[in-house]
Amino acid sequence: MHELSITQSLVDAVLDCTGDRTVTGVNLRIGRLSGVLPDALRFCFQLLAEGTPLAGADLRIDEPAGRATCHTCRQSFILPDTIPLCTCGSADVEITGGRELMLASVEVG
Ligand SMILES: [Zn+2]
């Protein structure tokens, strides 16, 4: 599963920073165009956190919307899904946001 390896990387990254300290909260940013399903990631996190200082941490996921700029009509707009198409009908759009997948912050007890 895609999300499982991503979550493993996140868990490893957090543990690298926090060592043996108990982690109480993890804040993630998962853009709506990142292709990662927050619910699946949440599920994987529960599994992988078990038995580590991350167990019981509060996982908060911010999901920034996709954003794009149209090269034809120059407008910037919210991209509701992964199909890059402007309301003017142009497909010549540049995705400017919503693909991020990052660890925003970690809280330790
Ligand atoms: Zn346009």
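Helices and strands are named here as DSSP runs, a helix being H or I over at least four residues and a strand being E over at least two, and they are numbered from the N terminus. By that naming, Cys70 lies in strand β3, which covers residues 66–70. The structure is a predicted model, in which local features need pLDDT of at least 70 and side-chain atom pairs count only at pLDDT 80 or more, while totals for chains, interfaces and linings use all residues. Residues are numbered from 1 along each chain as its sequence is written, and side-chain values use heavy atoms, with hydrogens and water left out.

UniProt, in an unreviewed entry, places the feature "binding site" at Cys70, Cys73, Cys86 and Cys88. These four positions span 19 residues in sequence, yet no two of their C-alpha atoms are more than 8.7 Å apart, so they gather at one spot. Such UniProt positions are given in the numbering used here with shortened feature names, and the annotations may be inferred rather than shown by experiment.

To describe how covered a residue is, one calls it buried under 20% relative accessible area, exposed over 50%, and partly exposed in between, using a 1.4 Å probe and protein chains only. Cys70 has a relative accessible area of 0% and is therefore buried, and Cys86, at 4%, counts as buried too. Cys86 is found in the loop between β4 (76–79) and β5 (93–97). Contact means heavy atoms within 4.5 Å, and, leaving aside neighbours within four places in sequence, Cys70 is in contact with residues including Cys86, Cys88 and Asp92. Counted in that way, Cys86 touches Cys70, Cys73, Gln75, Phe77 and Val93.

Strand β3 also belongs to a sheet. Strands of a sheet pair through backbone hydrogen bonds, either parallel or antiparallel, and two strands are taken to pair if DSSP finds at least two bridges between them. Here an open sheet of 3 strands has the order β4-β3-β5, with antiparallel pairing. Strands β4 and β5 stand at the edges with a single partner strand each, so one side of each is left without a neighbour in the sheet. Neighbouring strands of this sheet are turned by 35° against each other on average, direction ignored, where the axes are lines fitted to C-alpha atoms (for helices over the stretch in contact) and angles run from 0 to 180 degrees between N-to-C directions.

The pairing can be followed residue by residue. Between β3 and β5 there are 4 bridges, and Arg67 has Gly97 in β5 as its bridge partner. Between β3 and β4 there are also 4 bridges, and Thr69 has Ser76 in β4 as its bridge partner. In a regular strand the side chains alternate between the two faces of the sheet. In β3, the covered face holds Gly66, Ala68 and Cys70, whereas the uncovered face holds Arg67 and Thr69. Strands β3 and β4 form a hairpin with 5 residues between them, and Arg74 in the turn has a positive phi of about 70°. Arg74, a residue other than glycine, is exposed, with a relative accessible area of 65%.

A salt bridge is a side-chain nitrogen of Lys or Arg within 4 Å of a carboxyl oxygen of Asp or Glu, and a search of the whole structure finds 5 of them. In one of these, the side chains of Asp62 and Arg29 meet with 2.8 Å from N to O. This pair links distant parts of the chain, since Asp62 is in strand β2 (residues 58–62) and Arg29 is in strand β1 (residues 23–30), 33 residues apart. Glu100 forms a salt bridge with Arg29 as well, the closest N and O atoms being 4.0 Å apart. Glu100 lies in the loop between β5 and β6 (101–108), 71 residues apart from Arg29. Asp58 forms a salt bridge with Arg60, the closest N and O atoms being 3.4 Å apart. Salt bridges that share partners join Arg29, Asp62 and Glu100 into one network.

Finally, the start of the chain deserves attention. UniProt, in an unreviewed entry, places the feature "binding site" at His2, a residue in helix α1 that is partly exposed, with a relative accessible area of 48%. Glu3, in helix α1 (residues 2–18), is buried yet has no salt bridge, and its nearest side chain of opposite charge, Arg42, is 12 Å away.

Definitions and conventions:
Lys and Arg count as positive and Asp and Glu as negative; His and the chain ends are not counted.
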